[in-house]
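The sequence and the coordinates are shown first.

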Amino acid sequence: MRTAYSVETVRAAERALMDRLPESTLMRRAAAGLAAVCTDVLRRRGRVYGARVVLLVGSGDNGGDALYAGALLARRGAGVRAVLTAPDRAHPGGLAALRAAGGRTAAGTDLWGGHLDLVVDGITGIGGRGGLRPEAAALVRELAATGAPLVAVDLPSGVEAGTGEVRGEAVRADVTVTFGTYKPGLLVDPAAERTGALHLVDIGLGPELPAVPELEALQYADVAALLPVPAAESDKYRRGVVGIVAGSARYPGAAVLAVSGALRGGAGAVRYVGPGADAVIARHPETLVHAGPPSRAGRVQAWVVGPGLGDGTDAEGAVRDVLAAEVPVLVDADGLRLLDTGAVRARTAPTVLTPHAGEAAALLGATRDEVEAGRLTAVRELAARYRATVLLKGSTTLVAAPDPDVPVRVNPTGTSWLATAGSGDVLSGLTGSLLAAGLDPRDAASTGAHLHGLAARHASDGGPVAAQDVADAIPAAWRDVRA
């Protein structure tokens, strides 16, 4: 599992470790790891000896990391030039090490006629706020125009380490080398999409970090441990029966896709309630259908309500009926518009809300741009407001529990091809099946998002994908995780 910690936690851990180590030990450890990654990038481009490397060096410790790493590259025969954004505040030890190794400082970026092999971004660190300053932004633009790969030190300069927000111009890296632990901004968009390939360098910080992180990202082994695999004595009821209230005369396909996600996600049985029964049975004859209301459809271990439900009194009544059930409930799409906040907060059984950014904005009384710019803040606020587990869909899917002390989870799988009609309906059914199988809401939501992303990769194979294809690829995603 990847874990990320807040800026304040990282700084406290660094201080505790530095108190027991000789001066500059942590910086030299970080620089060694950074230099190793830079060396690998240069080798893939054909050479280290004679390579042309530019360091963008700020006034903080990130600048020192870059200077010490530059000294190591210079000792291997690379030509290294450091452009100092604050010459009177550059790290003195790092600057002396670079010069001793044969590196030099430069007044501008017009070096080697723009024929560069590597740019290292050490302008700002985890304390940076508000994007790059105009002078630094101009330097970054000039060097980006050369086409040389850019390696960011700890995180791309200009992004917010603690939230993933980007409030102004920021570096877009090909590779980011971070130290000690991940920071939330490296895993949460919009900052995460600027990191490129992400490398973690161990500098000995682990024992100083608290047991509970701020952010988690499940990996294959974590998801495999959560998957509900049937035992020899299992029957369809022990595997979990999920109820689906979805679809309408206008959107019958939503019912089919939600049921598909639930069946492919491992549900022992699916009870469908709604006007799309004919379409559902035509695609999935094993589905148990009922005219409604949901409370009379039969026993279920979890409900999914909302995809393609439309509006009107029937839809409103269905949402009320499902929320009154004493089993876990997932609310998506149209169901989110029909929610009563008090009814959700009053539930004793778990509730999972699965909005995209636009739906989250409506629930929060914010704009879509505000939600997309501050995804971590938005998902936490929604979870607290509704006392529910919230799965915020998007380029990085986030899952927050109602307890603010529980780490937010970020989904590392997926593809931009998932931005297609109906894919959210599939995710709802899939996550509902995991709820019915007995997973707690946070595990069900994060496992569902993980499998959904993997299924999309299988279905798209780098090209366009339809939602039904994603549903049909869920078993392949299961096999990937359990391999």
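## Cavity, pocket, strands and backbone

By class, the residues that line the largest cavity are five nonpolar, four polar and one charged; Ala, Val, Leu, Ile, Met, Phe, Trp, Tyr, Cys and Pro count as nonpolar, Asp, Glu, Lys and Arg as charged, and the others, Gly among them, as polar. The model is predicted: local features need pLDDT of at least 70, side-chain atom pairs count only at pLDDT 80 or more, and totals for chains, interfaces and linings use all residues. Residues are numbered from 1 along each chain as its sequence is written, and side-chain values use heavy atoms, with hydrogens and water left out.

The structure holds one cavity of 30 Å³ or more, and the volume of the largest cavity is about 50 Å³. On a 1 Å grid over the protein atoms alone, a cavity is a set of points where a 1.4 Å probe fits but cannot get out, whereas a pocket is an open set with protein on both sides within 12 Å along at least five of seven lines; lining residues have an atom within 4 Å of a point. Grid points are joined across faces, edges and corners, and a volume is the space filled by probe spheres set on the points. Among the residues lining the largest cavity are Leu218, Arg409, Asn411 and His450. Strand E18 (408-410) and helix H18 (441-460) are the elements that give two or more residues to this lining, and H18 gives the most, with three residues. Helices (H or I, at least four residues) and strands (E, at least two) are DSSP runs, numbered from the N terminus.

The second largest pocket has a volume of about 920 Å³. Of its 39 lining residues, Gly60, Asp61, Asn62, Thr124 and Gly125 are the closest to its centre. Helices H1 (7-18), H2 (25-44), H3 (61-75) and H5 each give two or more residues to the lining, which by class has 13 nonpolar, 15 polar and 11 charged residues.

Helix H5 (residues 134-144) also belongs to a right-handed β-α-β unit with E5 and E6; a crossover is right-handed if, with the strands pointing away from the viewer, the path from the first strand over the helix to the second runs clockwise.

| Strand pair | Bridges | A facing pair |
|---|---|---|
| E5 (residues 118-122) and E6 | three | Val119 and Leu150 |
| E6 and E7 (residues 175-179) | three | Val151 and Val175 |
| E15 (residues 351-353) and E16 (residues 389-392) | two | Val352 and Thr389 |

In strand E6 (residues 150-153), Leu150 and Ala152 point one way and Val151 and Val153 the other, and all are buried, that is, under 20% relative accessible area, with exposed over 50% and partly exposed in between (1.4 Å probe, protein chains only).

The loop between E6 and E7 contains Asp154, a residue other than glycine with a positive phi near 75°. At 6% relative accessibility, Asp154 counts as buried. Ser24, in the loop between H1 and H2, likewise has a positive phi, of about 70°, but counts as partly exposed at 25% relative accessibility.

The bond from Asp189 to Pro190 has omega near 10°, and the bond from Gly292 to Pro293 has omega near 0°.

Note on methods. Two strands pair if DSSP finds at least two bridges between them.
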